[in-house]
Amino acid sequence: MSPPLLQVDRLSVTFRRDGMLTTPVRDVSLTVQAGERVAVVGESGCGKSLTALSLTRLSPTDRARLQGRVLFDGTDTLTLSPDALTRIRGRGIAYVFQDPSASLNPVMRVHDQIAECLPDLPCAERREACVELLTRTGLPDPSRAARAFPCELSGGQQQRVMLAMALAARPKLLVADEPTTALDVTTQRQVLDLIDTLADADGMAVLLITHNLGLVAGRMTRVYVMYAGQVVESGAVTDVLSNPRHPYTRGLLAAVPMLDAPRNAPLQDIPGTVPSPDAWPVGCAFAPRCVQADARCHTEQPPEIDSADSHRSRCWHTQPCHS
Amino acid sequence: MPLLTVQDLYVTYRTPGQPPVRAVCGVSFSLAAGESLGIVGESGCGKSSLARTLIGLQPASAGTLTFEGQAVDRLSRQGFRDYRRAVQMVFQDATGSLNPRMTVRQTLHEVLRVHRMRPAAAIPQRVDELLDLVGLPTTVLDAFPREISGGQCQRVSFARCLALEPRLIIADEPVSALDVSVQARILNLVRSLQQRLGLSIILISHDLAVVRNICDRVAVMHDGVFVETGIAADVLDAPRHAYTRTLLEAVPDVGRALQRRGV
């Protein structure tokens, strides 16, 4: 197999806050092949978004210390010069975020914002290229939308504009961080279908960050489940969701209301909350919320265990693969 | 006698110089005491306008609302005040619907005091009961909304409603801003409140799976009208209207998605 498009090796993100070191992302390893659909799931505060931002060193403060390796197309983005990094941002890895209204500049017309993503084109051709990009994203009346200000568009339309901007430089990897959480189900479906279609057309890989397991089940190939800054389970979507090994993944699945579930069956919630990065538990990070936890879980960190081909889980109670 | 009957309700927004926007066009339904009704539909279909009209925040342009056998628009001043107390609402943005400068204790005390639900001396005990009812520890009492999680804020919102001993709670997308595991806890809370206190619930959501899980009946709303109503299980298992099917297909459901992929 050719080397993966993105290979993250033991990525850790550390902040110094009030003289204390906190590590909200711990030893995360993940790979994305060219053209592949990969999902990262977990509750808020598990380090999903920070992991995604760290791929191009976009962490929220410059005081963050990034350790590990992020190989994108063979180069380590963590050691690149700022100039070289600028060439990867947008052209190599592009982002779409959750809240399009906060990501767009409210006082610039849509075409001016998209034009900023097209520095290689002569000015005269940019306007036309903008309309073409907007047409690809399926916006009704793209030339009107190009002249509009963001506030004149609906949430779904704004997210399409964000997509047009992300796709302007034909990236190899699109990182979509909760792109549809603010949208209702039918718009959500349209936007995700659109990402799928565009990714297929350009051979672009997609890294989708979400807490919605339904989206993962329907359209992604592989999934990484994150908890407390670590990857706790990973593998093919069909394996992980139909045969989850980690109690956290099982908990997430049981908490989702399903259409075919019997009515009035109470939903199973996961007791407690995600611990704060300032005080990760000593042993398995999930132990305080886990029904299966025993003495060892509270004192020793479980290793990642291969349970079936490339289905891995970080839990002492996972049965290792005996092949 | 049904608790609430809505007959041919219209809500129209008029702006000078612009054509009127008809948000709700002739909706009729009735709700029995202790029953739960889910209203589903996309943004802009009129479900929130309907909710705002039910609690009296938005006047109806036409149609009648009957609560416990009395027409709401003919109620006396005192009668209308009682109606507003009996019908409570919980909003989507839990943190935003609480006063940021009041602690949880102040918020709950204020409701009980203003509506004279309890003599001053009995208020602290009632607040403890309310927290217990929504499953919050007493340690949150002195916290401000920003200091507690979104799920906890939503519980405080429910406690604030329950302080007024309502007959009907209208919950407008109460869980769509929350994480899945927190969502499960709030939905379980809604169900237990309905069962323990015999409350009627109107749950507004765009997530059909949520509605399926909680509600006895469901109404599918599109462009201001109910296009399909019925027992929740019947409507969602065998939808008759094309729009209901579109909505159902858009739900990202784990079970169905895996089934399609042959797992």
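Colleague: Before I look at the sheets, how should I read strands and their pairing?

Modeller: Two strands pair if DSSP finds at least two bridges between them, and the elements themselves are DSSP runs numbered from the N terminus, with helices being H or I of at least four residues and strands E of at least two. This is a predicted model, in which local features need pLDDT of at least 70 and side-chain atom pairs count only at pLDDT 80 or more, while totals for chains, interfaces and linings use all residues. Residues are numbered from 1 along each chain as its sequence is written, and chains are lettered from A and ligands numbered from 1 in the order in which they are written.

Colleague: What is the strand order of the open sheet of six strands in chain B?

Modeller: In chain B the order is β6-β7-β8-β3-β9-β10, with mixed pairing. The edges are β6 (87-90) and β10 (225-231) of chain B, each of which pairs on one side only, and the twist averages 15 degrees from one strand to the next. Within this sheet, β3 (residues 36-40) and β9 (residues 217-222) of chain B run parallel and are joined by four bridges, and Val40(B) has Val220(B) as its bridge partner in β9(B).

Colleague: Which order do the four strands of the open sheet in chain A follow?

Modeller: The order in chain A is β2-β1-β4-β5, and here the pairing is antiparallel. Eight bridges join β1 (residues 6-17) of chain A to β2(A), where Gln7(A) stands opposite Thr31(A).

Colleague: How is a pair of packed helices described?

Modeller: Two packed helices are described by the angle between their axes and the distance between the axes. Axes are lines fitted to C-alpha atoms, for helices over the stretch in contact, and angles run from 0 to 180 degrees between N-to-C directions. For α3 (residues 104-114) and α5 (residues 150-162) of chain B, the axes come within 9 Å and cross at roughly 20 degrees. That angle is why α3(B) is roughly parallel to α5(B), a term for angles under 35 degrees.

Colleague: Which residues of α3(B) and α5(B) meet?

Modeller: Taking contact to mean that C-beta atoms, placed from the backbone, lie within 7 Å, Val104(B), Thr107(B), Leu108(B) and Val111(B) of α3(B) meet Val156(B), Ala159(B) and Arg160(B) of α5(B). These divide into five nonpolar, one polar and one charged, where Ala, Val, Leu, Ile, Met, Phe, Trp, Tyr, Cys and Pro count as nonpolar, Asp, Glu, Lys and Arg as charged, and the others, Gly among them, as polar.

Note on methods: Parallel < 35°, antiparallel > 145°, perpendicular 65-115°, else oblique. Contact = placed C-beta atoms within 7 Å.
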